[in-house]
Amino acid sequence: MNTKFAHGIRGLAVAGTMAFALTAPSIAAAQSEQFIPLLVYRTGSFAPLGIPWANGKLDYLKMINERDGGINGVKMVYEECETAYNTDRGVECYERLKTKGGGGSLFDTQSTGITYAVMDKAPLDKVPVMTMGYGRSDSADGSVFPWSFPLLGTYWTASDIIVQDIAKKMGGVDKLKGKKLALVYHDSPYGKEPITALQALARKHGFELMLLPVIAPGVEQKSTWLQIRQQRPEYVILWAAGIMTPTSIREAQATGFPREKIYGIWWAGSESDVRDLGATAKGYNAIAIQGSADYGKAHDDILKYVYDKNQGSADSRAEVGTVAHTRGMMIQMLTVEAIRTAQEKYGKGKAVTPEQVRWGLENLDISQARLDELGFGNLMRPVKTSCADHMGSSWARIITWNGDKYETTSDWYEADMSVIDPLVKAGADKYAKEKGITPRDCSKE
Amino acid sequence: MFYRENGQFKASYVEDLRIFKVTQDRVAVLALVAIAVLLVPMLASDYLLRAVLIPFLILSLAAIGLNILVGYCGQISLGTGAFMAVGAYAAWNIGVRIPEVPLLVQILLGGLCATAVGVVFGIPSLRLRGLYLAVSTLAAQFFLDWAFLRIPALTNHSASGSVSVGTLSFFGLPLESAWQKYLFCLGFVVVFAVIAKNLVRTTTGRQWMAIRDMDIAAGVIGIRPAYAKLTAFAVSSFIVGVSGALWGFMHLGAWEPLAFSLDRSFQLLFMIIIGGLGSIVGSFFGAAFIVLLPIVLTNVPALFGLPLSVDTAVHLEHIIFGSLIVIFLIAEPHGLARLWSIGREKLRLWPFPY
Amino acid sequence: MGFFIETLLGGLMTGVLYALIGLGFVLIFKASGVFNFAQGAMVLVAALAMARFSAWAIELTGSMLFGNVIAFFMSVAFMIALAIAIERLVLRHLVNQELTTLLMATLGITYVLDGLGQTVFGSSVYTIDVGMPKEPLFLFQDVFEGGILLNPDDLIAALVGAALVAALALLFQYTKVGRALRAVADDHQAAQSVGIPLGRIWVVVWSVAGVVALVAGIVWGSKLGVQFSLSTVALRALPVVILGGLTSVPGAILGGLIIGVGEKLSEVYLGSFVGGGIEVWFAYALALLVLLVRPEGLFGEKHIDRV
């Protein structure tokens, strides 16, 4: 028995050779193919959100290949990798796919945890990370985070827009003074990120912010909602995910809190969150990334070029046009446009490297005319990124569940950057200091 | 034929007490360490190092730590993930607050903090056994998960509660590329594996095993259960804490408490069951198995032109893990380590098995 | 004062729900000495089965009542089949093993059930609608401002729980199977030597636990929706049985109530001082505290060690 250690080391070698065999170096793809890695979660507690999201991302790529034959003739190839919302699985996916097929064009990690882990690796590997709608929020500062792109809004801008809509419903920003708002959040970095912004807003507008964490996965929330019943906040901002969302709405019903006074973040604002609740959730509000609850020409194209040819990723056509699926399409549209932009600089009709994709992301300029052309005219507002601004735009609308489907119930809002910018700056500065990064000078670029 | 020990006589007690009694073993081990140190960093791809070998090494280390507690001392623990978290957060805090402390010391101090926490949560083991103890370690898991989320001082007031490490160096040498990190982890694993292997052969180690086999009987023959159990908790938590710090610093780079959740605790427990309870080498086998299985499941079907959809692969992985646990418990409670030693016995006699 | 009573009531109701899950733990532990970590996964699988069967049956029969009844019996059959499979494939081969070995085996079963359940039934959110009333009631509105909140669905769940316990008590006390169960619980070997078929008894116990899981699954599932996370409620119910004692049915009920109330009161009254989110570990700490005084839980059988 005393020779166990020897075998341990031998076992290591066996494992090593096995792994060598498995991961025979990925063959560089032909020049006419652009590789897109897709990190998804189709299992685990967030699967109901992850599945349509992943399908939307896939469907858009299929549609581009089918309708346009790729980008200027460059076909898109892709591979899904399941993360189960798990950081180490996500890191494995990232490491595996970053060099595949001539380099993973960009990573949309779909998870706050994976983003944090990958964000530090990306600059070394020269791979851009796009985190549409989740952040981290301070990575909007492109001078400190050259490789991160929280396009179309972050949790901080979302917080501001939700508060704007609440203020509007109450009849003006000044009405917020002295009132109480509650943040019910998933107890994780995902749920904690908006706190900074909401606290800043509370200071500015003079409302009181109640913080109520819900332990993941959020299946038991009675005490949270009893506290809400006792403290009677004017509105509840719900930073939920997965099963926590329907549970919150059910508990709201059980404690008699009006659903009209709940505002969910976009990840808590998909059909899967409320469909089963039906009339119970009637009146529940959520913020949508841009106008993702509407139906646009892009959806028709997906149905025509993908689903009519039985290539659809979702089980049923009905999923096309749902909020989560549309978000997936938007993400992929931005990806495709970033690659197109990069091609315009580095050579049309040629596959671009991840580094070139980064340039594309940083010089994205999608005008309203272009959006109309792409079929996203009513789903989005123009996006323009720059070295300093990696977010591009922060437009959003509020959607409301009518018992049967989501309706867009507000006009377009844009986040008040006078509140958000200082927070971004402070966060980015702290990060730069911790990591010893010298920020780029954007005025020179 | 080649693995014969005829003619190798033990002429002194020192020789009799060697870890590797057979010359071939010694040669093989040295060759392996040499390959691991010299050849692997040169040949292995970036992916292999970063996504397979580094996690494998770190998880083996954690499994060794857990094996000391569960396999050698018989105290079941479902809070391993939390003790890893203590190591990681403590090391990180030391690094942030006192940047002058070298990385090696940071990690070892992280381990020491985990030791302290481990001993505190080990105290119930003096009164509770088996299942009830498992529940008390679950309490540790949930409490520590909460603490790292809720106490801002522990994450240096980071807005989201995630922490990330800066650039790393080891006494002036950079720790940036995959092979540097790999070698750093390898060093830890080799050193701790040797220490653990030797530790279980000492008085303390034998006391642990006596407690495991029957604590009342061990008490009767004069072993102090309190001392034995708490030392097991201490040593185990130290190693687990160090591995946690390595997991955070070397593998993830940035993490949130979710990285050290209850799932991690279960995963480590599975490693030592599959690898072999009460076996240092088994910890390596178990870690290799658990790290490789998902990768095999995603890649191998594709090689044969049968692409498994990603969600099926994960569900399949769950089913395979679960079934294997049951199969091992039924058919081979000593795990892969036992299979290995059976193979070795066969090899000694081969090709003349009589 | 009103709020305190409300929290107390909420805690009691949650406690009953926990006790429903805890019962499954206790039943199996009593009869086979196995601490069934897979109870949570069984709740999930049972709820998934119920959700899918009822969707199918309601569509087929066009009646919600009939559909649900058919689905319920189909799910019962499914859980019995599962119990037989577990006995055949796992337990039979692990007779007389140590407690921890059996515990780890059920951990394995948990993973298999998680994977299998989602492969067979899918991982989206499903609903179970058995027509539970959801709108809250407000009692004593003239005594307290805003009244005291009570949820009728919780109340029904509590009644179901009580009925289940009564049924189980009858089963244990007055039937032949019940006597055999108690005999097995007392001493495996002695029971076997007087001719009680151990294997069959285990199938019965696991089936009963499966049915209890089904009831718990329906109650929780109609509250939360059926999804993977449902299996995590078992972790919330674990301190309940530890506190009450693993071998005691009344212990599970009382433990459930204590934990339910303790959890809610601690979260509401202490949580705000430390930032909230303490209820999970508080429940465990509470159980642990009891354990340090009474290592077998409140009603557990005292275990005497012999060399």
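Q: Which residue of β12(A) does Asn285(A) stand opposite?
A: Asn285(A) faces Thr400(A) in β12(A). This is a predicted model, where local features need pLDDT of at least 70, side-chain atom pairs count only at pLDDT 80 or more, and totals for chains, interfaces and linings use all residues. Residues are numbered from 1 along each chain as its sequence is written, with chains lettered from A and ligands numbered from 1 in the order in which they are written.

Q: What makes β9 and β12 of chain A a pair?
A: Strands are DSSP runs of E, at least two residues, numbered from the N terminus, and two of them pair if DSSP finds at least two bridges between them. Five bridges join β9 (residues 285-289) to β12 (residues 396-401) of chain A, so they count as paired, and they run antiparallel.

Q: Why are β6 and β13 of chain A at the edges?
A: The open sheet has seven strands, in the order β6-β5-β7-β8-β9-β12-β13 (chain A), with mixed pairing. β6 (208-214) and β13 (406-408) each have a single partner strand, so one side of each lacks a neighbour in the sheet.

Q: How many residues of chain C are in contact with chain B?
A: 39 residues of chain C meet 35 of chain B, contact being C-beta atoms, placed from the backbone, within 7 Å. Helix α4(C) (H or I, at least four residues) gives the most to that side of chain C, with 17 residues.

Terms used
Two residues are in contact if their C-beta atoms, placed from the backbone, lie within 7 Å.
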